[in-house]
Amino acid sequence: MAFLLVKGGVLMDVLSSFHHQVAGENTQNRWVFLHGLMGSGNNWRKIVRALQSDRQILTYDQRGHGRSFKPRDGYALEDYAEDLKALLDALDWQKIVLVGHSLGGRVAMTFAHLYPERLQGLVIVDIGPGGHSGAADRTVQLLEMVPTPFESKEAAKLYFETEFPHQALAAGWEKVETLGPYLYSNLIEHASGEADWRFYKPGIVASVARSTDRARWDQIEALNRPTLLMRGQSSRYLPRDTFDAMVACNPCIEGVEISAADHWVHADQPEQFVAQLQRFNQQLQGG
């Protein structure tokens with residue numbers, strides 16, 4: 001049994017602390033997918049189904065998210081990276097291809113910086129090295145806008161269909177037609193009937209603050225494994241000039257822009273996304 005030491009000196013069983021799934025049977029080609037902020041391992045279901053025939057894939061809810069453990073603190077990128085190492089050790093996975101979207105992409109960069117020997121390849125999806133001021137404030141603004149807990153899931157659904165679009169647009173948020181349903185999907189109904197966040201709200205805010213507190217160009221420049229950097233053509237999370245600078249600063253990085261996609265590249269254009277991963281996999285396998 002493998003254990004994870006968390007702050008306060010508490011030992012936790014790794015595999016029971018993280019809600020995780022392993023798909024596929026090819027143990028010679030192991031991949032791990034990391035979801036973004038407020039997401040879960042389920043965000044990758046469609047992608048996993050398309051790829052699992054020729055590899056083994058681990059997806060899981062990161063700390064503070066979904067059905068995994070939710071500590072009061074420990075939401076730095078390094079904490080998330082140590083979680084991944086603990087999971088790999090518990091599963092006896094020695095070398096992986098790591099795919100991370102958004103916050104998961106920054107966790108992947110940090111893991112690559114700390115444990116390059118555990119990586120065969122790296123895929124960073126629509127995120128840069130950080131250092132954006134005000135990101136935590138915007139997240140707080142968004143979460144405070146939603147009047148949780150709701151008396152029921154039905155009441156929450158009504159709010160997101162009627163009030164939320166107007167409030168979000170007035171606050172300067174875009175794509176509210178997809179943002180509302182995404183937030184609604186992150187609500188869970190408790191035994192009392194009330195609906196509240198599935199994730200740990202203070203942890204989400206801390207994750208944004210800790211992942212954007214400084215720009216981590218040192219991690220980008222130090223990458224020494226084949227790296228695929230994907231950007232959605234319309235993304236504001238990874239501006240084109242940052243994307244170009246990341247590709248230019250390290251010969252290990254190949255940049256690919258996915259047409260007709262925004263920040264959620266794998267959801268906006270799943271077929272293009274899968275095709276790029278298949279091509280990258282062939283390169284890694286020497287094909």
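**View 1. Ser102 counts as buried, because its relative accessibility is 10%.** Buried means under 20% relative accessible area. This is a predicted model. Ser102 sits in the loop that links strand E6 (96-101) to H4. Look at its backbone too. Ser102 is not a glycine, yet its phi is positive, at about 60°.

**View 2. Met38 also has a positive phi without being a glycine.** Its value is about 65°. Find Met38 in the loop between strand E4 (30-34) and helix H2 (45-51). Is Met38 buried or exposed? Its relative accessibility is 8%, so Met38 counts as buried.

**View 3. Helices H3 and H4 pack against each other.** H3 covers residues 77-91, and H4 covers residues 103-114. Their axes lie 8 Å apart, at an angle of about 70°. The two helices are therefore roughly perpendicular to each other. Which residues of H3 make the contact? They are Leu77, Glu78, Tyr80, Ala81, Glu82, Leu84, Lys85 and Leu88. H4 brings Leu103, Arg106, Val107, Thr110, Phe111 and Leu114. Sorted by class, this contact has 9 nonpolar, 1 polar and 4 charged residues.

**View 4. An open sheet is formed by 7 strands.** Follow the order across the sheet: E3-E5-E4-E6-E7-E10-E11. The pairing is mixed. Which strands form the edges? They are strand E3 (20-23) and E11, and each pairs on one side only. Neighbouring strands are turned by 15° against each other on average, direction ignored. Strands of a sheet pair through backbone hydrogen bonds, either parallel or antiparallel.

**View 5. Strand E7 runs parallel to E10.** E7 spans residues 119-125. How many bridges join E7 to E10? There are 4 bridges.

**View 6. Strands E10 and E11 pair in the parallel sense.** E10 is residues 227-232, and E11 is residues 253-258. The pairing runs over 6 bridges. Thr227 stands opposite Ile253 in E11. Now trace the chain from E10 to E11. The path goes through helix H10 (residues 240-249). This β-α-β crossover is right-handed.

**View 7. A cis peptide bond joins Thr148 to Pro149.** Its omega is near -5°. Where is Pro149 found? Pro149 lies in the loop between helix H5 (135-145) and helix H6 (153-170).

Conventions: Residues are numbered from 1 along each chain as its sequence is written. This is a predicted model: local features need pLDDT of at least 70, side-chain atom pairs count only at pLDDT 80 or more; totals for chains, interfaces and linings use all residues. Side-chain values use heavy atoms; hydrogens and water are left out. Axes are lines fitted to C-alpha atoms, for helices over the stretch in contact, and angles run from 0 to 180 degrees between N-to-C directions. Angles under 35 degrees count as roughly parallel, over 145 as roughly antiparallel, 65 to 115 as roughly perpendicular and the rest as oblique. Contact means heavy atoms within 4.5 Å. Ala, Val, Leu, Ile, Met, Phe, Trp, Tyr, Cys and Pro count as nonpolar, Asp, Glu, Lys and Arg as charged, and the others, Gly among them, as polar. Two strands pair if DSSP finds at least two bridges between them. A crossover is right-handed if, with the strands pointing away from the viewer, the path from the first strand over the helix to the second runs clockwise. Buried means under 20% relative accessible area, exposed over 50%, partly exposed in between (1.4 Å probe, protein chains only).
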